Amino acid sequence: MTTAASLRFTRSAVRLLASVALTFLGLLLVTFLIGRVVPIDPVLAAVGDRAPAEVYERVRLELGLDKPLYEQFALYVLKALQGDFGKSVLTSNTVFDDIKRVFPATLELATVATLLGVVLGIPAGVLAAVHQDRWQDQVVRVLGLMGYSIPVFWLGLMGLLLFYAKLDWVAGPGRLGVAFDDLVAPITGVILIDSAVQGEWEVFADAFRHVILPAAVLGYFSLAYISRMTRSFMIEQLRQEYVVTARIKGLSERRVVWRHALGNVMVPLLTVIALSYANLLEGSVLTETVFAWPGLGQYITNSLLNADMNAVLGGTIMVGIIFIGINLLTDLLYRLVDPRAR
Amino acid sequence: MSEQLLTVDDLRVEYQTRKGPVHAVRGVSFTVGREKVGIVGESGSGKSQTGRAILRLVPPTGRVTARRLQFEEVDLMAADERTMRDVRGKRIAMVLQDPKFSLNPVMTVGRQIAEAYRAHADMRRAAAEQKALDMLASVRMRDPRRVYDSYPHELSGGMGQRAMIAMMLGTEPDLLIADEPTSALDVTVQMQVLAILDDLVTERGMGLIFISHDLNLVASFCDRVLVMYAGRIVEQLSAAALSQAKHPYTQGLLAALPRIDQPTHELAVLRRDPAWAAEPPERMTATDPVA
Amino acid sequence: MTAPAVTSALGWRAWLLASEPQSRAQARLGQAYLGWLAFRGNTLALVGLGIILALLAVAALAPAIAGQSPFAQELADRLKPPDAAHWFGTDELGRDIFARIVWGARITLTIVALVVIMVAPVGLVVGTVAGYFGGWFDVVLMRVTDIFLAFPRLILALAFVAALGPGIENAVIAIALTAWPPYARIARAETLTIRGADFIAAARMTGASPARVVFGHVIPLCTASVIVRITLDMAGIILTAAGLGFLGLGAQPPSPEWGAMISSGRRFLLDQWWVATIPGIAICVVSLGFNLLGDGLRDVLDPKQQ
C-alpha cells in the first residue's frame, strides 16, 4: 500500500474504532438502565434479608447507590472496562470469572456450527445460483427458508429424539461423558482442542460425539443463511461482463464459476460468515438449554431464572462485546482484502 | 478474395420474457473472410446479440437458431460445449465494450491475460507471464510490468481496452469480434486503440467483425459495412460505396451525420418506416412468426 | 378512451388495466391489480398467503373449532397418543393438545400484532425524521439504533424480561424494544433517496410544513419496503416469542402458548413425543407461511431485490 493509502486506511480505521467505542458505551448504558429497572433491591440481593442495618448501609455505600445516577453510571463504565461486572449471587464467583469459565464451551459450539454452515452452505449456494430456477435451486431455497422458520430449540429436541434416542448415533445432552471428566487438562477450555493437543483421542472422540448434534442443529441455521446469501451474490456475479469474458477465453465452466465468480463473492461472504457467527450466539442460548451445554447461553438463562441480575447483565454485555467485535473485525477485514477499497 | 472464415445463414435469437417472445435477431445472413467487416446499428438493432450468438454466448434465456453457422470446418450450431470451448479464445475471440466491467476486478490484469493463454496451450506459468508481457508491449504499453501487476480499476479506459486486446489476440485467433470496443473511451484514445487494433489485425491476417453504432467510425475503419435495423440486416455494402447506399435507413443515417463542409440549416432527423422491420417475402418459411 | 361499463367482468378488467386512467382512484386500483397479478403467479407466495389466512381463521373461530376447552384437565387421560377423541393427543395434565394448539394461535397472533403495531410506527417515524432532517437528529437517532442493533435480539429480550419479570405483556414489550431498529434503518435509507426529489421541493415551496412533508409524502413512499420487512420479520418475532415461552418467560401456564407447550412436553420427549413435537410443527408452519408471503410481497413490491 502506498503511504497515502495507508494513511487513508488508518484514518478510517480510527473513525471506525471511535464509532465502536461509542456503541459500546451505549451498550453499557442500556444494561445499566435495565439493571436499575429491576424491582429487586441489589443490596438485599448481596447481603441477604437477615443482615443487620449497619451491614445493609455499608454495602449500600460500597455499591455507590447513594450517589446521583450519572456518577453511578460513570462508576459502572469504569468497572466494566476493568472487567468487573460484580459478583454472581448464585455461584459467589465474580461474574467475570464465571464467564471466563463458560465461554469456551459456547465458542466451541459456535465454531463447529459455523464450520458446518460454511462447508455445506457455500457449495449449496453456488449450486443453486448456477442452476437457477431448476430443481437444485428450489431444494436449496426451501431448505434455506426452513432455516428461517424452525425454532432452534425444537429442532434440537427433534434431533435428540431421532439421532440420540432412536438411532443412538450421537451422545446425549452434556459436553462430555461423565467417565471422561477431568481427564484432560484445560488449556484453552475448548475440549476438542485440548484433547487433541494432549493426544487424548478417546476424550476427543467422546467430545466430538457430544458436540456434533448441537453443532449440527445450530449449523443448519448458519447453512440456511450462508447458502441464501451465497446464492444471491453468485446470481449477481454470474450476470457480470467479466464472466462473459472468462467464457470467451474458453475457460471451463467450473473455472468460471469457482475461480472468477466466487472470487468476487468472497469478500462480502466473509462479512456474512462473521454475521452468521454472531447470530449463532443468539441461537446458542436456546440450544445450550436443550443440550445441557455448559456455555454462556446456559449461564445467562440460569442466572435469569434465579434472578441473578449481575450475571445476566454481565453475560449480556459479553455477548454485546462479541457482537460489536465481530462487526468491527469484518469491517476492517473488508477494507484490507478488497483491492478496490484500498 | 480471401476464403470465408465465417458463414452465417438465417441466424435468429429469441428471448422468452413474461410479456411474450422477444426477437432480438431475426434472420441475419452474411459471410466474413480475412477482412474487416463492420456491423452498424442503433441500440436494440441486434448487433451485439449477433456477435454473442456466433460464440454461442447468449444468456440462457435466449435461444439461438440458424440454418447455417459455420466457422471454417466447425459447425457452430452442432458443436458441443467442449468443442465450443476449444473454439472460443483460440480461434474466435471477442473484445467487449468497457474494461471496467469486462475484466475481473479482483484479479490482476496480468493473471487474467496469462490465464487466457494457458487455457489453450500447455504453458508453464513463467512462459505465460512472459508472453503476456510481450503482448502488452505490442499493444504499446509503456510499462508492461506495471500493467501486469495492476488491478483493472487502476488502469485508464484506454489501457484497459488495450490489455483486453492483448488478452484476446495473444492466442492468435483467426477471427476477432469487437463489440463496441471504443464506445466507452474518450475520442482521442479511441483513435489510438483503433490504430493498434488495425495493425494487429492486418499483420496477422485475421478476420474482424467490428460492431458499433458509429457509422463514421465503421466506414473509415472497415472494408465492408452491414447495416442492421430491428434485428435484420437492411443493407450490405463496401465501405467505399457507402455514399451510394440504397436502403432508406442507411440513407437516413448518412443524412443525419453533421458535416463540417456542408453546413445545413437543420439537421435531418431519421424517420423510421415500419416496413423496414418487416420480413422480406422471399425469406419467409412456414415456421416463421408473422412480423 | 372512455371508461367502459364497469358491470361486466371483462369490463372490470379493462377498466383496471386502462392505459389512460381517468381518475386517481382508477390509477391506484389499476396498480394494485397489476401487483396482484404478479403476486398470483408465484405459487409459493400463494401458499404462504393461504397459511396465514388459515391461521387467522383458526384464531377467529377458535371456540368453534377447538371442540374442547384448552384448560380442562383430565388426569385419567394424560399423555394419550393422537386418536379419534384427541386428534393431537393429550398432554401431561390430560388437556387436549388440539384445542390448546387452536387457542394458542390466538396468542401467537396477539403477540405478533402487538409487536408490529408498536414497532412499525416508531421505526418509521424515527427513520424518516433522521433521514429527512439530518444533522444532529440523524447522528443521535442512528447511534441509538446502532446500540440496539448491537445486541442479538433474544439476548436483549432476555435481559429486559429479567428486569421486568415473566409474563406475556413483558415479553411483548421486550421483543418490541429489540425489533424496531431495522425499520428505522430502512425508513432512513428510503428517506435519503427521496429527500432530494423534485416533488418534495415542490411541496415545500407550496408552504407545506416539515411535518406535512414527512407524514404526507415521505412516509407513504416508505410504506412498501416497511410492509415487506414486517412480513419477513414476523417469523422472527414468532420464533423469539416461542423461545421466551420455552424458557418460561412468556405467557405463563396454563396459557396454551406454543413455545411453553414444547417446554413442558420436553420431559416426555422419548415416549410421548407428540406433546413437544406438535406445537413445534405449528410454529414451523406459521413461520413458513409468513416467510413465503413476505418473499412473494418482496418480489412484487421491490423487484430489484431479487
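Two residues are in contact if their C-beta atoms, placed from the backbone, lie within 7 Å. By this criterion, chain B and chain C do not touch. Their nearest C-alpha atoms are 10 Å apart. The model is predicted. Two pairs of chains are in contact, and chains A and C share the most contacts.

Read along the sequence, the pattern is α-α-α-α-α-α-α-α-α-α-α-α-α. The C-alpha atoms of chain A fill a box of roughly 85 × 60 × 40 Å along the principal axes. Chain A has 342 residues, of which 45% count as buried. Contacts in chain A with a separation of 6 or more were also sorted by distance along the sequence. Residues 24 or more positions apart account for 71% of them.

Chain C was described in the same terms. Here too the count is 13 helices and zero strands. The order along the sequence is α-α-α-α-α-α-α-α-α-α-α-α-α. The C-alpha trace of chain C spans about 75 × 55 × 30 Å along its principal axes. Of its 306 residues, 43% count as buried. Among contacts in chain C between residues at least 6 apart in sequence, 65% join residues at least 24 apart.

The interface of chains A and C was examined next. It brings 37 residues of chain A into contact with 34 residues of chain C. On the chain A side, at least two residues each come from α1 (3–37), α7 (152–166), α11, α12 (296–305) and α13 (309–337). By class, this side of chain A has 27 nonpolar, nine polar and one charged residues.

The contact of chains A and B takes 16 residues from chain A and 23 residues from chain B. On the side of chain A that touches chain B, two elements give two or more residues: α10 (241–248) and α11 (253–290) of chain A. The largest share, six residues, comes from α10(A). The class make-up of this side of chain A is five nonpolar, seven polar and four charged residues.

Attention then turned to helix packing. Two packed helices are described by the angle between their axes and the distance between the axes. In chain C, helix α5 (residues 97–133) and helix α13 (residues 274–301) have axes that come within 11 Å. These axes cross at roughly 35 degrees. The crossing of α5(C) and α13(C) is right-handed. From α5(C), the contact is made by I97(C), I101(C) and T108(C). From α13(C), the residues are W274(C), V275(C), I278(C), P279(C), A282(C) and V286(C). The contact of α5(C) with α13(C) divides into eight nonpolar, one polar and no charged residues.

Helix α8 of chain C, residues 168–179, was checked for its span and its surroundings. At 1.5 Å a residue, its twelve residues should span 16 Å. The end C-alpha atoms of α8(C) are 16 Å apart, which agrees. Nine of the twelve residues of α8(C) are buried, so this helix is largely enclosed by the rest of the structure. The buried residues of α8(C) are I168(C), A171(C), V172(C), A174(C), I175(C), A176(C), L177(C), T178(C) and A179(C). Their cover includes α5, α6 (135–149), α7 (153–164) and α11 (210–246) of chain C.

Helix α11 of chain C also holds G216(C). This residue has 12 C-beta neighbours inside 10 Å, so G216(C) counts as exposed; the cut-off for exposed is 12 or fewer. The C-alpha atoms of G216(C) and A203(C) are separated by 9.8 Å. These two residues are 13 residues apart along the chain.

In soluble globular proteins, nonpolar side chains tend to be buried together. In this model the largest nonpolar core has 254 residues. Those with the most contacts inside this core are A163(B), L176(B), I175(C) and I238(C). I175(C) is also one of the buried residues of α8(C). In chain B, L176(B) touches A93(B), V95(B), M168(B), L169(B), V201(B), M206(B) and L208(B), not counting residues up to four places away in sequence.

Methods
Residues numbered from 1 in each chain as written. Chains lettered and ligands numbered in written order. Predicted model: local features only at pLDDT ≥ 70, side-chain atom pairs only at ≥ 80, totals over all residues. Helix = DSSP H or I, 4+ residues; strand = E, 2+ residues; numbered from the N terminus. Nonpolar A, V, L, I, M, F, W, Y, C, P; charged D, E, K, R; others polar. Axes fitted to C-alpha atoms, helices over the stretch in contact; angles between N-to-C directions. Left-handed = near helix turned anticlockwise from the far one by under 90°. Expected span 1.5 Å × (residues − 1). Buried ≥ 20, exposed ≤ 12 C-beta atoms within 10 Å, placed from the backbone. Core = buried A, V, L, I, M, F, W, Y, C linked by C-beta atoms within 7 Å.
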